[in-house]
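The structure is shown first.

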Amino acid sequence: MKLKICHLYPDVLNLYGDGGNIRCLTQRLRWRGIDSEVVKMPIGSGESLVDCDLVFIGGGQDFEQQVLLDDLHRGRDRELRAAVEDGMTVLAICGGYQMLGNYYETHDGQRCDFIGALDLYTVGAKKRMIGNYLFRCDESLGGMTVVGFENHSGKTRLGSGVAPLGTVIRGFGNNGEDGTEGARYKNVFGCYCHGPMLPKNPAFADLLLSTALARRYGAAELAPLDDALERMAHDQMVKRLGGDV
Amino acid sequence: MNIRAFFAILLCKLLRGISRVLHRGGTAMPGRWALKLCPNLLEILARDVKTVAITGTNGKTTSARMIEQAFAQQGLSYFANRSGANLISGITTEFVMNSSLGGKCRKEYAVIECDEAAAVRVFGQLKPRVIVVTNLFRDQLDRYGEVTHTLENIRSGISGAPEAVLCLNADCSLTASLADDLPNRAVFFGINQGAVPSGEKSELSDASHCIRCKHEYSYDYITYGHLGGFRCPHCGYRRHDPEYAVTDVTAQTAEGSSIILSVHGKRYLAEVNLPALYNVYNAAGAVAAVSEMGLATESAVAAVGSFKCGFGRMEQFALGAGGTKMMLVKNPAGCNQVIEFLENIKEKFVLVVCLNDRGADGTDISWIWDANFEGLTKMAGALEKVIVSGDRAADMAVRIKYAGVKAEFIEIERDYETLVRWIEGQDRPVFLMPTYTAMLELRETVIRHCGGDEFWV
């Protein structure tokens, strides 16, 4: 068995250690004897997403945003929309998550069109939402808790076409107002969770892997791993934030 | 001098005296209250002092110690904010403590390191003769925001001190851009092509796209991170030829580097008595600063080989039979340099990594995933085990596990007292890699066991 993982825009969407998610996915596959191949698709890459199993998109700096938009509008947007509809497993964090939505509007009203793969939009706020946070995933995902670090000024609102990824227990989440965090549509998981997200939420990492493996190979039983350190990191942050382990 | 300033100085001295009696550092708090009483107090006190200010992401403290050593060797009357209190409050405290109640500074010179976010408030009051900007890397994004934002902070700070001569890192495309739209006279320091083997272009560059036109840079060579011979193929923005140029690094050992420094075309042989390439940059910047203050370049060259840094920067302690070295890490760029340094150690050693996430460390610890801990797997045979500690010890353990170090080589020890006792019994050299607040606590514990300086001395 083998998974082909695409790291989309590693050259500009590479903030806050989000690349650690890729490291986490490939190591957890390797420890189970499953091969993986990571394909980096930076700005200007003509490579196709079609035969990939899992796409990861991280967060980035405002400074490079225009470079990114130009590239998206050269056809990558259409390709991403098609991949999402086709059931591609996608993890998108922060800027990458916003980018999958319909648009971003700055707090002074300037609108910037994104790719519209997910029915959501983001509006810039003056105050940044920063800090360690905790949310609980929807019951359909087993109700697991996720810890991480959020750092965003955009407030994301979900349309009717997508479900929230989870409910905020501590922190801000999508917008600090409606108690939702992230979005889920088909096999796309988007949220604000830096940290990076996957290493200290190993159950979530395995959820992505089994989703991608199931799509490629029909069914996927993942052998259990010794996650004592990962769970310790997870549980300590849950405790610090006053949640129940 | 006005009456507000008089009372502000009096208050500051009193508060400082009290905190010393109570054995608290008291480096920032007295100045904070004094500034409340007299907001331009720093300007009043700094007026007649010839100041060198050092800012930038990495290397501020080390550069300041090098410059200070040159001042000391020349017998100048000077003071420095040595305890790392580098915000406007701490700097003000330091000026007050070196001034009379009448507001007259007793010293002729000052060596002041300044936090890059504080530069915007400090430089306009401080009016330094020379400002060194060491480099700009991503650092504590939760506090500073994007690196271009930090750059703007520094730019805006410098605009309050148009007379200052800027000493800028020529190899850092962000730092060097300060020369272009400020009226200040600027000189550059850097490491020339061929002085060291070129590194590889990092995917995690903190400045991959042109600060002027946002096109991707081309590089003639890379020293580390985004530093090196950059040029923008689109708008032509490129590295300036530095007046203070390292033309050759002839030797690099665990104790230091031998370099050839060309200053306005004249060649100097310098021994830098701290290891790793980032200290070669610090040395070149320090020589530039001292020379631009109008002092002899020779004294600066001698100083970089004889200064003592301490305070957690490659600081050596007589703890354990193999000795203990403390190497402060704050961000991916500095951390990578320390890991690279460890890769060159051939004898068996133990590594201790202490990760805290308090205000001064940055509350977001995700940066450890941007640092190249994968380098630890290249130390097979030398690295005996890794001990992790600090508030976020478990996160550090996870990072090292995913780097490829087997979990059985990773140990968690949260208690510094137990940790230091254990090190005492070791015959291997031990390397401590703490973040800032972990360094303060760990250093205190180490010093209790084997001696050393208290931090405000």
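A polar contact is a pair of N or O atoms within 3.5 Å; within protein, one of the two must be able to donate a hydrogen and the other to accept it. The model discussed here is predicted.

## Where the chains meet

Across the interface of chain A and chain B there are 14 residue pairs in polar contact, both residues being at pLDDT 80 or more. On the side of chain A that touches chain B, the elements giving two or more residues are helix H1 (20-30), strand E7 (120-137), strand E8 (145-158) and helix H5 (228-240) of chain A. H5(A) gives the most to this side, with 7 residues.

In total, 36 residues of chain A contact 36 residues of chain B. The two chains bury about 3,100 Å² between them, and carbon and sulfur atoms give 54% of that area. The interface also holds 4 salt bridges. A salt bridge joins the side chains of B:Lys401 and A:Glu230, at 2.8 Å from N to O.

## Aromatic pairs

Over all chains, 19 aromatic pairs are found. One of them is the tilted pair of A:Tyr133 and A:Phe135, with 5.7 Å centre to centre and 40° between the planes. Both of these residues are buried.

B:Phe137 and B:Tyr224 form a stacked pair, at 5.9 Å centre to centre and 20° between the planes. B:Phe137 lies in the loop between strand E4 (130-133) and helix H7 (141-144) of chain B, and B:Tyr224 in strand E7 (residues 218-224) of chain B, so the pair ties together parts 87 residues apart in sequence. B:Phe137 and B:Tyr224 are both buried.

## A cluster and charges over rings

One aromatic cluster consists of B:Tyr217, B:Tyr219, B:Phe230 and B:Tyr237. B:Arg212 lies over the face of B:Tyr237, 5.1 Å from the ring centre. Elsewhere, the charged end of B:Lys36 sits over the ring of B:Trp33, at 4.7 Å from its centre.

Note on methods. Residues are numbered from 1 along each chain as its sequence is written. Chains are lettered from A and ligands numbered from 1 in the order in which they are written. This is a predicted model: local features need pLDDT of at least 70, side-chain atom pairs count only at pLDDT 80 or more; totals for chains, interfaces and linings use all residues. Side-chain values use heavy atoms; hydrogens and water are left out. Rings of Phe, Tyr and Trp (its six-membered ring) pair if their centres lie within 6.5 Å; planes under 30 degrees apart count as stacked, over 60 as edge-to-face and the rest as tilted. Buried means under 20% relative accessible area, exposed over 50%, partly exposed in between (1.4 Å probe, protein chains only). Helices (H or I, at least four residues) and strands (E, at least two) are DSSP runs, numbered from the N terminus. A charge sits over a ring if NZ of Lys or CZ of Arg is within 6 Å of the ring centre and within 35 degrees of the ring normal. Contact means heavy atoms within 4.5 Å. Buried area is the accessible area (1.4 Å probe) that two parts lose on being put together, summed over both. A polar contact is a pair of N or O atoms within 3.5 Å; within protein, one must be able to donate a hydrogen and the other to accept it, and residues adjacent in sequence count only if both atoms are side-chain atoms.
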